[in-house]
Amino acid sequence: MNAHVSQGGWPVLVLNADFRPLSYYPLSLWSWQDAIKAVFLDRVNIVAHYEKAVRSPTFEMQLPSVVSLKSFVKPTTHPAFTRFNVFLRDRFHCQYCGSPDDLTFDHIVPRSKGGQTTWENVVAACSPCNLRKGNMSPHQAKMFPRQTPYAPTVHQLHRNGRMFPPNYLHDSWLDYLYWDTELDP
Ligand SMILES: [Zn+2]
């Protein structure tokens, strides 16, 4: 989850025109280079800055830490099927024993038996459970996921995401994240 920090540092949080993050999962971040390009193309407003400037012989500019799009982009309602989002849906716990450690993915109906790689057939599972289940069906293994896996909405992932915030959040971003927290303490 540190990819955005290593890509040159000074990541920029990108907000939609309504000042909500363009995306939570993954969090919409641009490199500062892309953000400055968008400023010059007049596509974004700068909302907050880092205490850090870039200089060239002809100009100096503080690095933006938060930008907002000038035109509203319709947010996606269906989160991408990614490894991270499966873990997030399952709250980073094995769906068989509840362990938070050593997580992998399990195909409930094994791929060798025609199981698909979909929201409905993939769950977080710890390595020991995954090994124990092997290539068996849930009935053969007598192992059933605690929660019937489902394709989550963005809202459902937001709820879970508040329990697992990204490990790098610049202070200037916090006002724009988790905007509905007060509705759901
Ligand atoms: Zn387990």
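**A first walk through the model**

Visitor: What kind of model is this?
Guide: This is a predicted model.

Visitor: OK. How many helices and strands does the chain have?
Guide: The chain has six helices and six strands. Along the sequence they follow the pattern α-β-β-α-β-β-α-β-β-α-α-α.

Visitor: And how much of the chain is buried?
Guide: Buried residues account for 41% of the 185 residues.

Visitor: Let's go to the metal. Which residues are the protein donors of the zinc ion?
Guide: They are C94, C97, C126 and C129. Each gives its SG atom, and the donors lie 2.3 Å from the zinc ion.

Visitor: What spacing do the donors follow along the chain?
Guide: The spacing is C-x2-C-x28-C-x2-C.

Visitor: Why is the arrangement around the zinc ion called tetrahedral?
Guide: Look at the angles. The four donor atoms subtend 103 to 115 degrees around the zinc ion, so the arrangement is tetrahedral. Four donors count as tetrahedral if all angles lie between 85 and 135 degrees. The ideal angle for four tetrahedral donors is 109.5 degrees.

Visitor: Are C126 and C129 buried or exposed?
Guide: C126 is buried, at 3% relative accessible area. C129 is buried too, at 4%. The cut-off for buried is under 20%.

Visitor: Where does C126 sit in the fold?
Guide: C126 belongs to strand β6, residues 122-126. Five of the five residues in β6 are buried.

Visitor: Which way do the residues of β6 point?
Guide: V122, A124 and C126 point one way, while V123 and A125 point the other way. In a regular strand the side chains alternate between the two faces of the sheet.

Visitor: What does β6 pair with?
Guide: β6 pairs with β5 in the antiparallel sense, over five bridges. One of the bridge pairs is T104 with A125 of β6.

Visitor: New topic. What about the sheet with four strands?
Guide: That sheet is open, with mixed pairing, and its order is β2-β1-β4-β3. β2 and β3 stand at the edges. Each has a single partner strand, so one side of each is left without a neighbour in the sheet.

Visitor: How many bridges join β3 to β4?
Guide: Eight bridges join them, and the two strands run antiparallel. β3 covers residues 44-55, and β4 covers residues 60-69. N45 has S68 in β4 as its bridge partner.

Visitor: Where are F19 and R91 found?
Guide: F19 is in the loop between β1 (12-15) and β2 (29-30). R91 is in the loop between α3 (83-89) and β5 (103-107). F19 is partly exposed, at 41% relative accessibility. R91 is partly exposed, with a relative accessible area of 41%.

Key: Residues are numbered from 1 along each chain as its sequence is written. This is a predicted model: local features need pLDDT of at least 70, side-chain atom pairs count only at pLDDT 80 or more; totals for chains, interfaces and linings use all residues. Side-chain values use heavy atoms; hydrogens and water are left out. Donors are N, O and S atoms within 2.8 Å of the metal (3.2 Å for Na, K and Ca); water is not among the atoms, so sites may look incomplete. Four donors count as tetrahedral if all angles lie between 85 and 135 degrees; four count as square planar and six as octahedral if opposite donors are over 155 degrees apart and all others between 65 and 115; anything else is irregular. Buried means under 20% relative accessible area, exposed over 50%, partly exposed in between (1.4 Å probe, protein chains only). Two strands pair if DSSP finds at least two bridges between them.
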